[in-house]
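Please look through the following structure with its chains and their arrangement in mind.

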Number of protein chains: 2
Amino acid sequence: MEDAARKMRIKAGRRTDIRRAREEAILVAAEKVFAEAGFGGATMQLIADMAGMPKANLHYYFATKEDLYRRVVENIFTIWLKAADCFDNAADAAAGIGGYIEAKMEISRRHPFGSKVWASEVMHGAPVIQDYLETALRGWTEGRMRAIQRWIDEGQIAAVDPRHLLYMIWATTQHYADFGHQIETLNAGKPLTDRQWRAATDSVREIILRGIGALPPAPGKPWDPS
Amino acid sequence: MEDAARKMRIKAGRRTDIRRAREEAILVAAEKVFAEAGFGGATMQLIADMAGMPKANLHYYFATKEDLYRRVVENIFTIWLKAADCFDNAADAAAGIGGYIEAKMEISRRHPFGSKVWASEVMHGAPVIQDYLETALRGWTEGRMRAIQRWIDEGQIAAVDPRHLLYMIWATTQHYADFGHQIETLNAGKPLTDRQWRAATDSVREIILRGIGALPPAPGKPWDPS
DNA sequence: TCTTTTCCTGACCGTATGGTCAGAAGCTAC
DNA sequence: GTAGCTTCTGACCATACGGTCAGGAAAAGA
């Protein structure tokens, strides 16, 4: 008779490596298909083709389309939450907010599909992740709003509404992922280069930071104090 | 035998009134359903139910689901283009850009469904309105970028990248429509009141205008010239 | 080698969808 | 009234979808 420890060791072996690898391949394919076709437009067959396996194999790892979809949405949400570290470990407002903007822009660049899936989900009324919005996201938002309010109280930034500042950061950074196709079309049909991503990030960060008084006014402008 | 003028008069009569009214009812229902379910998730049956008519009647007015969808997308695009008037008729940069932001926020409030349909369409690679992006939108954008560049050259605003300024305005204003559900959830589950919409609009306008140097720095801040 | 467990897959099923069509019902002009 | 349209609709069809299942293949342990 084998004991529990033995079973654990087996579970961590090659068999579960296969499982992990297959699930990952499916999740990558699903993220792309859900992003490009929406939940309703995506088909299990398409995801299976993209993952390079028969459809029935998908259902071996993920019972239903919704299960698979939920996992994809959870993934991007987790990534976004991690970007919050910039906020908490920052020396001052400019570093905290600026770093958060940089992190969110980087995520938009590296995970455009996930961002689109999240956007789609929220736009359709968050049918499968409403609980996340009401618990995790609400809690996260309130914490970050307090941090911003503290910076306001300390005189580091202007007395803006922390809520709308957060929305502006989310909107602007995610726009580069969600509306990437439009941006690409307006960029002569070509994806943004490294340099253009840098310019976009700098533009966003500077306009927002200056807008909340965390940066000095641009030189040579009407209210330039010089 | 009736002549052409007679036919025209008939065409403009009650019969075509019915046609117009029915098409309008279908378009309103379709906009909502497409926004809430996406193109793939929307069904002609659902749209028909919402419009209060049998499904076959939809196909009498709109041959296919795609035809109907295209009309919905075209509608919101037309509305957005009209908001550009603020740009051209403005006395200065602050009035032009500020007015455009106000107009876009008002559209987000009045036409949230249309905004979502557009967002969905672009996110999925603009399969049916790619031509609009490449012609109308590209032309419009270039014109507005020139206007912004002129304001920069005249020293009215800081030397920001006009392109990214436009993207920021689009992103921020449309966010209040596209992510309205998330905003509502973070607002204790209640839609924004008149007062809250006012505050949101003011926040967006002021941060952006201050960010590009079209407004004096907020009082009491680090670089306050006072 | 034999057993057990995990992994894989072709074939299949019930359902829902976009779209069609023949013909009914209603309006307008003469 | 009646001829000539526009508008409306129930019934129908082919297809495609999500999901199931029986059983084969492969790996792991004894």
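What percentage of the 226 residues in chain A do buried residues make up? Buried residues, meaning those with 20 or more other C-beta atoms, placed from the backbone, within 10 Å of their own, account for 41% of them. This is a predicted model, in which local features need pLDDT of at least 70 and side-chain atom pairs count only at pLDDT 80 or more, while totals for chains, interfaces and linings use all residues. Residues are numbered from 1 along each chain as its sequence is written, and chains are lettered from A and ligands numbered from 1 in the order in which they are written.

Chain A has 12 helices and zero strands, where helices (H or I, at least four residues) and strands (E, at least two) are DSSP runs numbered from the N terminus. Of the contacts in chain A between residues at least 6 apart in sequence, 65% join residues at least 24 apart, a contact being a pair whose C-beta atoms, placed from the backbone, lie within 7 Å.

Between the chains, 54 residues of chain B are in contact with 55 residues of chain A. On the chain B side, several helices each supply at least two residues, among them α2 (14-41) and α9 (130-153), and the largest share, eight residues, comes from α12(B).

Chain B can be laid on chain A with an RMSD of 0.0 Å by a turn of 180 degrees and a shift of 0.0 Å along the axis, superposed by least squares on the C-alpha atoms of residues with pLDDT of at least 70 in both; that is the relation of a two-fold axis. In chain B, the C-alpha of Gly211(B) is the one nearest this axis, 1.8 Å from it.

Conventions: A residue is buried if 20 or more other C-beta atoms lie within 10 Å of its own, exposed if 12 or fewer, and partly exposed in between; C-beta atoms are placed from the backbone. Two residues are in contact if their C-beta atoms, placed from the backbone, lie within 7 Å.
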